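Biologist: Can we go through this one label by label? I'd like to hear what stands behind each term.

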Amino acid sequence: MKKRIAVIPGDGIGPDIMGEALNVLKVVEKKFGHEFSVTEYLAGGAALDVYSTPLPEETLSGCKASDAVLLGSLGGPKWDGLPSHLRPEKGLLGLRGGLGLFCNLRPAIMYKQLSDACPLKAEVVGDELNIMVVRELTGGIYFGKRERDGESAYDTMNYTKGEIERIMHKGFEIAQKRSKRLCSVDKANILSSSQLWRDVANEMAKQYPDVELSHLYVDNAAMQLVRNPRQFDVIVTENMFGDILSDEASQITGSIGMLPSASLSEGHMGMYEPIHGSAPDIAGKDLANPIAMILSVAMMLRHSFGLEAEALAIEEAIGRVLDEGYRTADIHSPGMKKIGTKEMGRRIAEAL
Ligand SMILES: NC(=O)c1ccc[n+]([C@@H]2O[C@H](COP(=O)([O-])OP(=O)(O)OC[C@H]3O[C@@H](n4cnc5c(N)ncnc54)[C@H](O)[C@@H]3O)[C@@H](O)[C@H]2O)c1
């Protein structure tokens, strides 16, 4: 398979972890006989330094002309004082909008090797946890009308049937490839937009008879995630609920350096990035955990290119390195072997 990949290493630890992820991608290319052409672009602080904008036109058009985008992380204290339209985060929002990325996938995976890092009791989480949160990314209250006038203010939460249908399709399709269970989260006992959400979900369930659809109110879902997270497999929800629930789910796994994410468009285009930020405190010190970035490569292979065996091979290689007791500082515990960014990347590439 031939694919074009736009790579944005970004700021802070972005370049450290991206280097390791690209080494792993090269091994996949060789082992499975693919051809990936990689082009690097600037965004965020790195772009501000050179072009005085967080998202140069060349970056957006280069990403649009590619089959997928790999992003490290954007931002850092160096650019904190800039006006909001020049903040590095604007680069991220511009990429999401410009590439039509309406579906955010946030897997919360707790590896059995790292169960000590989980803040919940062992009997609650068991050995392994693997939840996929499918979040609508371009609608709802974050994109509604807002007004503040003296002592009153409002924000509106809007959804159209079409917006709900396209995210539901993603939710059902992902559930089909996993346990065939989909939990839709809303607040249909109060909100009109949630009542439409639930009606559309029920209507669409008829197209996916192999998937069991259930519904939860968002307050109950937040409670169930810490009470009994193992009941969940795929959760589909609107923008703000998904923002909050995906953070809650990821924290259950206890290891920020381990979790990837994907933002998908209607076609195969997707942008893949770790959930963590640019960690300026450890940038360039060979301390960053590259696993979230390497798992983002696995997500790209699976969701944009349909290469399931290749994605699994990366995930299994990471499992083997963890089984051997190798840990970066953020996931280190007594008795384990502490290694840096480069050695972790090299060991995963070798295991692959
Ligand atoms: N998508 C993105 O690009 C994104 C997301 C969040 C934050 N940010 C930006 O990143 C900067 C720093 O933000 P923050 O400090 O709130 O969050 P952060 O995720 O960068 O760091 C939080 C803590 O986790 C540690 N950490 C993060 N990733 C790690 C990894 N791979 N390995 C080991 N340790 C890791 C950091 O050292 C730090 O102690 C800010 O400028 C913020 O705006 C960018």
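**Labels and their cut-offs**

Modeller: Let's start with helix α4 (residues 88-98), where Pro88, Lys90, Gly91, Leu92 and Leu95 are the buried residues. Mind that this is a predicted model, where local features need pLDDT of at least 70, side-chain atom pairs count only at pLDDT 80 or more, and totals for chains, interfaces and linings use all residues. Residues are numbered from 1 along each chain as its sequence is written.

Biologist: What makes a residue "buried" or "exposed"?

Modeller: Buried means 20 or more other C-beta atoms within 10 Å of its own, exposed means 12 or fewer, and partly exposed is in between, with C-beta atoms placed from the backbone. Helices (H or I, at least four residues) and strands (E, at least two) are DSSP runs, numbered from the N terminus.

Biologist: Why does Ser152 count as exposed?

Modeller: Ser152 has 7 C-beta neighbours inside 10 Å, so it counts as exposed. Ser152 sits in strand β7 (residues 152-155).

Biologist: What do the buried residues of α4 pack against?

Modeller: They pack against α2 (45-51), α3 (57-64) and β12. A contact here means two C-beta atoms, placed from the backbone, within 7 Å. Just after α4, Gly100 has a positive phi of about 65°.

Biologist: Which residues of helix α12 are buried?

Modeller: In α12 (residues 341-351) they are Thr341, Met344, Gly345, Ile348, Ala349 and Ala351. Looking down the axis of α12, these buried residues fall within an arc of 165°, so they line one face of the helix. That arc is taken over the directions from the helix axis to the C-beta atoms. Packed against the buried residues of α12 are α1 (14-32), α10 (291-303), α11 (308-323) and β13 (326-327).

Biologist: How do you know that β3 and β12 pair?

Modeller: Pairing takes at least two DSSP bridges between two strands. Two bridges join β3 (residues 68-73) to β12 (residues 270-274), and the strands run parallel, so by that rule they pair. Leu70 stands opposite Tyr272 in β12.

Biologist: And what is the order of the strands in the open sheet?

Modeller: Its 10 strands go β2-β1-β3-β12-β11-β4-β5-β10-β8-β9, with mixed pairing. β2 (35-40) and β9 (212-217) are at the edges with a single partner strand each, so one side of each has no neighbour in the sheet.
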